[in-house]
Amino acid sequence: MRLSRFHLATVKETPSDAEIVSHRLMLRAGMIRKLAAGIFTWTPLGLRVLRKVEVVVREEMQRAGAIELLMPSVQPRELWDETGRWQKFGGQLLKLKDRKEQEYCYGPTHEEVITDFARHELKSYRQLPVTFFQIQTKFRDEIRPRFGVMRAREFLMKDAYSFHLTADCLAREYRNMFDAYTRVFTRLGLRFRAVQADTGAIGGNASHEFHVLADSGEDAIAFSDASDFAANVELAEALAPAAPRPAPAAALTRVATPTQKTIAEAAGLLGVAPAQCVKTLLVRGRDGLVALCVRGDHEINEIKAAKLDELPGESVLASEAEIVAATGTRPGFLGPVGLAGNIPVIVDRSAAALADFVCGGNAEGTHYTGANWDRDARITRIVDLRKVVAGDPSPDGCGTLAIARGIEVGHVFQLGRSYAQAMGAAVLDETGQTQVMTMGCYGIGVSRIVAAAIEQNHDAAGILWPPAMAPWHVAVCPINPKSDPAVTAAAESLYADLNARGIETVLDDRGLRPGSMFADIELIGIPHRIVVSERGLAAGTFEYRARGESENRALGRDALLALIGGGNNMSIQG
């Protein structure tokens, strides 16, 4: 490719609305252009990178035995009504009507469509197991799209769905897809971690997320320092303290805390550590309010709370009016002592291990010191209710937990029979009996991978692409070619030779000054730069620099070709 015939539109200024590195660099490098909130045009440069990711994903899906198809992006409401998700999916579902007033949605995912396909196409156990996949545009109407393509409303996704007769067969395919995802992210040159995860709105029984590790990641990952255990912080189990609860040693005392509403403020006034306090939240339950109690230095895990039998599948804080009506006091002074008997008191394991603790006094401007469970405050149930923190013991019994930030780029689910049961997707088994199929679901955020890779691989000059994702592997940069025919000839010859060897090479023949030309090549992240100059030709050398290095190397043609052509990761891989 000659850059004079390619649309490359870089900018020097950092866009004011770009909050994270990948958004800034993708705009500066001219990879994307905003059309509307969360909706972007992928420029020719951006599309080259996107297609590189797509190729790797497609190859590994096919290697794993999945069969590619393409489903409609616009889906009829009737399918979503069958599974009950037309209302359940919420505001992210973009709904529309045709001229006949028939209702549709723009697909955010395709469980309903693939299940409809399967119930018409699959009739016998002999057709199972089977896995279908597609790479297609999705749309989710995010409340606040941000971070460029990291959290866009329109995005490119690979979604795959498997169909089985038994749970054991599903488990084998789940492992197969897990391994395929591991190969995808390894080939793309990303530092990643697979973690146990919550199934969320998709549903199902078992789930793993694949996270690219980056400080800008929205998700917190807990992992052991002594084993392979890793889980999303929302799912990781917080073990109970090993030591038993001490016996009460202090008397229950009400103290004045007139303006101290937070744990930090109350603990500071009373001279105790937040870990010796109990924080109480009132949430809406199935049959009234429910009290959730955690240690003062811990946070409620909303995912764990939402799964409590007492809650209606979500954790929603009670309003101030509801709290005042139930306790006689406002938020900031709540505690478990003296709560009405009709309010269940669900206590986290660590909080339940405390004795002589500080808690809200359930009266305006007061707290209790010397509070104790059973003696002063009742416990309905003790459960794992909090988010894990660094230093907690690992749930698998090996080592302690550390916390890292991650960007979710892939997710695999064992869906089970929920979708197939709801939509009547069944086949005949070996005995001729009708059996509902069991399903798996496997997604990769193709466009999000591009942004995640930049978050993980950049410097002050721009992007440092992993070789498998680079738009080109080599840039040939002639200096003053118009004034020296020998430079032009040498650059053309080298450009032709590298491409003939299967090495993706771009010739920067735009006629820019060296500084501007080099800045562009570094910004867009081409791994190898070769400068052809009059001085170098006189010495029989080319000036070579690898992206990310600070020093140039003078190399003869043979040495240069041996260096660049020696690695398979620099060649076109299909």
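pLDDT is the predictor's confidence in each residue, on a scale from 0 to 100. This is a predicted model, and the protein chain averages a pLDDT of 93, with 97% of the residues scoring at least 70.

**Stop 1: Arg 153.** Select Arg 153, in the loop that runs between β7 (130-139) and β8 (154-164). Is Arg 153 buried or exposed? Its relative accessibility is 18%, so Arg 153 counts as buried, the cut-off being under 20%. Now show the side chain of Asp 141: the side chain of Arg 153 makes a polar contact with it at 3.0 Å.

**Stop 2: β14 and β15.** Select residues 278-285 for strand β14 and residues 288-295 for strand β15; the two pair in the antiparallel sense over 8 bridges. Together β14 and β15 form a hairpin, with 2 residues between them. Pick Leu 282 and look across to β15, where Ala 291 stands opposite.

**Stop 3: α13 and α16.** Move to helix α13 (residues 485-500) and helix α16 (residues 557-565), whose axes come within 12 Å and cross at roughly 35 degrees. The crossing of α13 past α16 is right-handed. For the side of α13, display Ser 493, Leu 494, Asp 497 and Leu 498; these meet Arg 557, Leu 560, Leu 561 and Ile 564 in α16.

**Stop 4: residues 567-574.** Select residues 567-574, where pLDDT stays under 50. The model has 16 contacts for this stretch beyond four places in sequence. Where pLDDT is low, predicted coordinates should not be read in detail.

Definitions and conventions. Residues are numbered from 1 along each chain as its sequence is written. This is a predicted model: local features need pLDDT of at least 70, side-chain atom pairs count only at pLDDT 80 or more; totals for chains, interfaces and linings use all residues. Side-chain values use heavy atoms; hydrogens and water are left out. Helices (H or I, at least four residues) and strands (E, at least two) are DSSP runs, numbered from the N terminus. Buried means under 20% relative accessible area, exposed over 50%, partly exposed in between (1.4 Å probe, protein chains only). A polar contact is a pair of N or O atoms within 3.5 Å; within protein, one must be able to donate a hydrogen and the other to accept it, and residues adjacent in sequence count only if both atoms are side-chain atoms. Two strands pair if DSSP finds at least two bridges between them. Contact means heavy atoms within 4.5 Å. Axes are lines fitted to C-alpha atoms, for helices over the stretch in contact, and angles run from 0 to 180 degrees between N-to-C directions. A crossing is left-handed if the near helix is turned anticlockwise from the far one by less than a right angle, and right-handed if clockwise.
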